[in-house]
Structures are given as structure tokens and as C-alpha cells.
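Student: Can we go through the aromatic contacts in this one, and then some helix packing? Start with what counts as a pair.

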Amino acid sequence: MWGGRFGESPDEIMEEINASIGFDKRFAAQDIRGSKAHAHMLAEKGIIAKADADQIVAGLDAISVEIEAGTFEFSRALEDIHMNIEARLKETVGEAAGRLHTARSRNDQVATDFKLYIRDTLDHLDGQLHALQEALVAKAKAHAATVMPGFTHLQTAQPVTFGHHCLAYVEMAGRDRGRFADARKRLNESPLGAAALAGTSFPIDREKTAAALGFDGPTRNSLDSVSDRDFVLETLSAAAITAVHLSRLAEELVIWVTPGFDFVRLPDSLTTGSSIMPQKKNPDAAELVRAKTGRVIGGLTSLLVVMKGLPLAYSKDMQEDKETAFDALDSLSLCIAAMTAMVTRLKVNEEAMRASAAKGFSTATDLADWLVRTLDMPFRNAHHVTGTLVAKAEAKGCDLDGLSLAEMQETEPRITEEVYSVLGIDNSVKSRTSFGGTAPDNVKAMAAFWEKALAGE
Ligand code: ARG
């Protein structure tokens, strides 16, 4: 392709380190789409003949068929997807193929391809997260009143409902989708026509190619256009945050399926056995969601490092943006799918959740609140009285409601029989009616809110 200046062909090792076709063949569809838009525009502007553009477009369509059929022969000697397609176009339509690269460089071409690819990926991830939200909302609806322990420091804190817990992840996924949508908006400017770095002397119409490719308009600075990988970085950082959310839920599943907790059961088909211990049923899918988060974070970190020292404009370092991004985004997509399957099919062990929720003095805050409300005690005093009662119960080896009224009155004589009504876990969750709180009616209403919002998209 650039033989004019060169006296010898590339060394084997040069070819090996330089070639990107092994991974950028993923851009085939985007590359062809971009080339067709470019060819049409060149002809409309009279830069190439209409007959040549027609041949080019027909040739690209034929190549697209070959690629889809798996008959296209990719060549490492041709370096990348752009050169592979152009070389094949030459074989297919002859001389006209040589006119396609007028007023264009691989630098703006690869930026365009990658933006189109990321845009498709963002749309796909958004759909997947939508499905995950639906699965979580369905569980929330079914378990709006299923009491489980809420934790802080992984110590029993206050009773909550499983539905409320599920909806916490729906909120996270909602913000994740917001970040992806935001990244999509910002990336949607076309670099095509920035050429190598300085623009071109040909009278091209960048508005036209931008519109043809679904971009909102052309980028405004040719140097920035070919050296910008913010759109990948932004996507990867949103992906990393999403993966962290999935990883936290995965970690909870891993904990919840242990015999010690036994809060949920995963179907056999989403777990694995042990080759030696016949009783084992391991939550490998959840563990791998947790682990693959490392790859997603790694992808972001590695591209940040690749980019941080690059002077403007294009440097070949930027070819390293792809494998890491593909791996991170593929991993995330797989994790969302696996998590959606687990959430959809997990079975809740309501008895185990209830029993655990009642343990660990989980209604101590309710007792303190009762003292404030009924005896008009300042909260700090109520906290102290309750703490004393917890210590008493702990010494006696019972829960708070295992203390007799006489025992409670030793600590605070004004306590009455009525106090026992707030020590039950159902009453506890029912009382959390503040906006965003865990009361079953709140959870039902919030699940309905999400159901409607998701159905309306
Ligand atoms: N394969 C290259 C990449 O992925 C395409 C751009 C090549 N441009 C260049 N001037 N060598 O970045």
C-alpha cells in the first residue's frame, strides 16, 4: 500500500507487532459503512466520478457478504481491517478502488469505525441492563414484604425487605445506564474527514458523511478528531462502575448461598459441582462475575496508561486501544447476562431470611425510637438505655423481646408492655415509611414505579 517509498518488505517481527487484523476485523461492518458514506459524498461533491463511486459501493457490498459468509480471507501482511478491505476492493472492482481513500486517512477512518462500534456496544449494553432491571423489579415485587437482615459492616443492622434490597440494584443499574447514555451523546460526532491530522484540501462535506452515519454532526478540530479516545475511556469507566455494581451483587450471592446464610438458592443449571466433594454446589457464575470485574477495571486502567503520554496527533500506541476495550466490554456483557439469569432464577428462602433478621438485636433502633416517641426521651439517652438492654439480653442469651418487662424496667422504669410491639421485625420494617424507606408498601410502590418506567422505554 505504501510500496513507493520502501526498498524492502517488513520483517516478520515487524509484521507481527504491527498487525491488528487479528482483533480489528470486528470493525468490518463499521468500516464498510463508513467507506460507503465517504464514497457517496466524494461523488456528490464531484471529487470522484459517480461511476467510480457506484463500483466502490457495489464492491463494498459484495465484500460485506463475503465477510458475513466467512469466506473473506484476512491477511496479516495487510495489517488491519482498513487495508484488508481496500485490497479486496481492488481485486473486486479494479482501479476505482484506488479512489476511495481520497481525502481520508486511516487515522480518521479508525476513529470513525471505533465510534460506530462503541455506539452499537452502548446500545447493546443498555438493552442488557434494562433486562437486568426488569428481572430485579420482578423479584422486588414478589418480595416486597419478605423480611431479611440489613447489614452495615456485614453485621446485622436493621431488618429490611428483600424487595428493597433488589431495588437498590435497580437504582444502580439506572445510573449505569445514565452514564452510558451520556457517553453516547458525547461520542456522537463524526471524525471522518479529519484525514491524517490536518483536514484536507478537497471540498468534502463532513456534515453529509456525519448524517449518513447517524452522527449529530462533524467534530470541530481535526487534530482532536484523530487523537481522541475519550469515548473509549468514558465507556470503559462507565463499564467499570457497572461491573463494580454487578460484583457487589455477585459477592452477596456468594455469601447468601453458603449453608451458614442459606438466604437464596441458585438453580443447579447455574452452579457447578466439585470433583471430590459430592455435596458441593458452587456459585461459580457469581464468582466469575466478581472476578471478571477485574478485567473491566483493567481495561480502563490500561487504556488510561496508553493514552497518558501521547503527544498529538495519532501515534501507533493508539492501536492498543482495541483489544483491551473489546475484552472489557465483552466481559461486562457476559456478566450482565449471567447476573440476569441468576436474579431471574434464584429462589428466596424466606424462613432463613426471617430467622436471621430477628437475630443480632436488629430492632434495637426501633426500641430507641419508641423511647423517644413514647417517653419524650432525647435520642442520645434512648440510645444509651437501649444499649444497656442489649447488653442485658446478650448476657442472658436472648433477644430483646426475651427480656421480661421487669428486667426492662430495672433499666428504665417508665417502659410499658407496649414496647414489645416494636420489637418484632415485621413491625420494624412496616414502620420505615419515610420516602425511600423499606416499608413493604413503599417497596411495592417503588417496584410499580420502576415497572412502569421500564415498560415505557
Ligand atoms: N490499525 C491502526 C489502528 O488501529 C489504524 C490506523 C493506522 N494509522 C497509521 N497512521 N498507521 O490504530
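Tutor: Rings of Phe, Tyr and Trp, the last by its six-membered ring, pair if their centres lie within 6.5 Å. Keep in mind that this is a predicted model.

Student: How many aromatic pairs does the structure hold?

Tutor: Eleven. In one of them, Phe-114 and Phe-231, the ring centres are 5.8 Å apart and the planes stand at 80 degrees, so that pair is edge-to-face.

Student: Where do Phe-114 and Phe-231 sit in the chain?

Tutor: Phe-114 is in helix α6 and Phe-231 in helix α10, 117 residues apart. Both Phe-114 and Phe-231 are buried.

Student: And Phe-162 with Trp-256, what are the distance and angle there?

Tutor: 5.8 Å centre to centre, with 65 degrees between the planes, which is edge-to-face. Phe-162 lies in helix α7 and Trp-256 in helix α10, so the pair ties together parts 94 residues apart in sequence. Phe-162 and Trp-256 are buried.

Student: Which residues form the aromatic cluster?

Tutor: Phe-27, Phe-114, Tyr-117, Phe-231 and Phe-326. Arg-26 lies over the face of Phe-326, 4.4 Å from the ring centre.

Student: Which ring does Arg-119 sit over?

Tutor: That of Phe-215, with the charged end of Arg-119 5.0 Å from the ring centre.

Student: Helices now. How do α6 and α12 pack?

Tutor: At an angle of about 15 degrees, with their axes 9 Å apart. Angles under 35 degrees count as roughly parallel, so α6 and α12 are roughly parallel to each other. The crossing is left-handed.

Student: What residues make up that contact?

Tutor: 18 nonpolar, six polar and four charged.

Terms used. Residues numbered from 1 in each chain as written. Predicted model: local features only at pLDDT ≥ 70, side-chain atom pairs only at ≥ 80, totals over all residues. Heavy atoms only, no water. Axes fitted to C-alpha atoms, helices over the stretch in contact; angles between N-to-C directions. Helix = DSSP H or I, 4+ residues; strand = E, 2+ residues; numbered from the N terminus. Parallel < 35°, antiparallel > 145°, perpendicular 65-115°, else oblique. Left-handed = near helix turned anticlockwise from the far one by under 90°. Nonpolar A, V, L, I, M, F, W, Y, C, P; charged D, E, K, R; others polar. Phe/Tyr/Trp six-rings, centres within 6.5 Å; stacked < 30°, edge-to-face > 60°. Buried < 20%, exposed > 50% of the residue type's maximum accessible area, 1.4 Å probe, protein only. Lys NZ or Arg CZ within 6 Å of the ring centre and 35° of its normal.
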